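Please have the 3D view open as you read.

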Amino acid sequence: MKYLALIYAAPGAGPDYGTPEFGPYMDGYRKATETYQNDGVMLAGEALQDSSTATTVRVRNGKIETMDGPFAETKEQLGGFYMFDCANLDEAIRYAAMIPTAEHGSIEVRPIMEINFDQ
Amino acid sequence: MNAAASMTEDGARKAIETLARAETGRLLGALLRDTRDFQMAEDCLQEAMASALEHWSRNGLPSAPAGWILQTARRKAIDRFRRDRNFDRKAHEYGVLLELDQQTAATDDPPAIPDERLRLIFTCCHPALESKTRVALTLRTLCGLTTREIARAFVDTTEAMAQRLVRARHKITKAGIPFEIPEPEHWGERFKSVLAVIYLTFNEGYSATEGAAPLRRDLCLEAIRLGRLMLELAPRDAECEGLVALMLLNHARTPGRLGPDGSIIALDRQDRGLWNRVEIAEGQALLDQALARKQTGPFQLQAAISALHADAPDHRSTDWRQIVLLYDALYGFVRNPVFLLNRAVALSFATGPEQALEALCTIETDLDAYQPFHAARADFLRRADRPIDARQSYLRAIELSGNESDRLFLSGRMQEIE
């Protein structure tokens, strides 16, 4: 099964760039990604630019409406994601728990819906 | 029509109800193994039971009723797979079912029912499900309680409970919660989650925090039944033995615990002659067996405390000092302030209410909204001859009480000091 692991954290909750903690934190990401690749479960994974760079798009009555900022203003913001191919939820949870942000933020694990457009 | 084999619809319904209580866990486990779809397994079992009612009323009971149900439910599943537009994805499961059906047809014997209950209970008690949902799903799936019965036990509407169960099955299937016994390295933690669900079920019935108490007492018996099932599936587990011992020892007090008006009688005023000695003996034997394994855990410690109460001929001669020590050990395992509260209660009988009041200071902030904390403090103050302070605490405890029998009990005690 495919799972999307959505990485959420409150701005400023994790180690800041330029502090001594930032290096080991990024190293954690490098190690986690390596594990995913070696185990053959990683389908994708990216970090996102800050949520202040987000643009929300809607189409109403055929007209494109844009809004500055993320869709929902919540304390924890989406900061990145991984997509895993796992046997089951237990495996997906195990891999999601290796994401360094899990230690100060939250990882939402969602199964990918399989849609067959041929039918 | 064969008169000997025929039975009334009522007779058939009773037979099916009995079978549902005894066999739902095994039947659902088998169906889930074959279909890998929790909702479908449940629906096919329901349909097979409805079909049994029709056939058995007319033709009498088959030679192996549970096997008959399994075979019928498998055929319902085969039908559903055929009708499913996403058939391709389920081709493997369809093949398995078809082969099983052909095997049965070839021998003309009803199918044997594999025991998949251990896998089933691990699925129902998966930590990715909400804890109330775990209890409800376990009662429905392993104990065969109807949705209506579970709803009544939780003081919920049948519709709300039905929705909760549907949502849970949907999540299990769609999120890929595995129908598997966890790997050895995760076994301990997941097994703990199962035992916790069973104990939660027991306490739901035992403490009856809301609503009509008698309906909920069935939950205690169901929890004991589940505990025994776990013992059967995982024998030699000391904590599992400890849990069953704990439930038996606590449940043994039930006949002495409730007054004729439904109010709870405190331990010091219970007629110990009413306690169920058979359950106490069984609980104590199980506890001894568990302790001999030298793998102490929280359930065994709590059972040991309960056993000390069961041992004592009356409240005064209880070994309170030993109970204080057991609560210390328990708190070493689980940093739960409620254990410190219970320790303070034991301390009040071992050394006096003044020391117990002092011991409450450390947990006051944590347990300020917890009714038993104020009930205990009120009791200590009453015994320390401070009626004015005691009254304040009684009022706070009454305010926080969730059910009528607690309120009755506390008001009764408060009136004694006035």
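Over how many bridges do β2(A) and strand β5 (residues 77-85) of chain A pair, and in which sense? Keep in mind that you are looking at a predicted model. The two strands pair over 5 bridges, in the antiparallel sense. To find one of the paired positions, look at Ala44(A), whose bridge partner in β5(A) is Met83(A).

Now widen the view to the whole sheet. It is an open sheet of 4 strands in chain A, in the order β2-β5-β1-β6, with antiparallel pairing. The edges are taken by β2 (42-47) and β6 (106-111) of chain A; each has a single partner strand, so one side of each is left without a neighbour in the sheet. From one strand to the next, the twist averages 20 degrees.

Two helices lie across these strands. Helix α1 (residues 22-38) of chain A lies across β2 and β5 of chain A and runs at about 160 degrees to β2(A). Helix α2 (residues 89-96) of chain A lies across β1 (2-9), β5 and β6 of chain A, at about 150 degrees to β6(A).

Next, turn to chain B. Here the axes of helix α17 (residues 353-360) and helix α18 (residues 371-383) come within 9 Å and cross at roughly 145 degrees. The crossing of α17(B) past α18(B) is left-handed. On the α17(B) side, Pro353(B), Ala356(B), Leu357(B) and Leu360(B) make the contact, and on the α18(B) side Arg377(B), Phe380(B) and Arg383(B) do. By class, this contact has 5 nonpolar, no polar and 2 charged residues.

Finally, see where the chains meet: 8 residues of chain B are in contact with 7 residues of chain A. The chain B side has 4 nonpolar, 2 polar and 2 charged residues.

Technical notes:
Residues numbered from 1 in each chain as written. Chains lettered and ligands numbered in written order. Predicted model: local features only at pLDDT ≥ 70, side-chain atom pairs only at ≥ 80, totals over all residues. Axes fitted to C-alpha atoms, helices over the stretch in contact; angles between N-to-C directions. Left-handed = near helix turned anticlockwise from the far one by under 90°. Nonpolar A, V, L, I, M, F, W, Y, C, P; charged D, E, K, R; others polar. Pairing = 2+ DSSP bridges.
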